[in-house]
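Visitor: Please take me through this model with its cut-offs stated as we go.

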Amino acid sequence: MGAEREHLLEYNGLYKENDELYRNVAKGVGLSDCAFWILYFLRERGEGLGCGLTQSGICSAIYAPKQTVNSSLKKLEEDGAIELAEGADRRSKLVRLTQKGTILAGRTVDRVLAAEQRAMGGMTAEEQTAFLGLFRRYTDLLKKEIEGLLNEESE
């Protein structure tokens, strides 16, 4: 097996391990993966009671299908964690954390965000820059390759 293949196997294993960390924390705090990422995104963006983000913006940010996000939003709304308000037009809904949602986020995703910051802080500034730069480069190259595959399939 060549070095590229071995590196891909290691990368894929690390990627899945990282994904499992988030899945386990979501499960551990009683949230679905999607609900966790919605709360995470709202907190990451500094969302409070006064502003909101659209459902479509959340879909784009967390890379989740609209139907999955919609189902999770309905559940979060039923639980009183978020409220949906009219957006710029009738079709867009603004998603806002309620006070209950802010408390929930504080004991769940805020702790994960803090853990992530501590983990990133465990690397030097140069390591952080190299890590992000290389990961971005790989992602851009892979995106180009996948788009090429998809274009071949549609021909």
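Guide: Tyr22 is found in helix H1, where helices (H or I, at least four residues) and strands (E, at least two) are DSSP runs numbered from the N terminus. This is a predicted model, in which local features need pLDDT of at least 70, side-chain atom pairs count only at pLDDT 80 or more, and totals for chains, interfaces and linings use all residues. Residues are numbered from 1 along each chain as its sequence is written, and side-chain values use heavy atoms, with hydrogens and water left out.

Visitor: Is Tyr22 buried or exposed?
Guide: Buried means under 20% relative accessible area, exposed over 50%, and partly exposed in between (1.4 Å probe, protein chains only). Because the relative accessibility of Tyr22 is 18%, the residue counts as buried.

Visitor: What distance separates the C-alpha atoms of Tyr22 and Val112?
Guide: Along the chain, Tyr22 and Val112 are 90 residues apart. In the model, their C-alpha atoms are separated by 8.7 Å.

Visitor: In which helix does Ile146 lie?
Guide: At 40% relative accessibility, Ile146 counts as partly exposed. The helix in which Ile146 lies spans residues 125-154 and is H7.

Visitor: Which class has 27 residues in the lining of the largest pocket?
Guide: Ala, Val, Leu, Ile, Met, Phe, Trp, Tyr, Cys and Pro count as nonpolar, Asp, Glu, Lys and Arg as charged, and the others, Gly among them, as polar. The lining of the largest pocket has four polar and nine charged residues, while the class with 27 is nonpolar.
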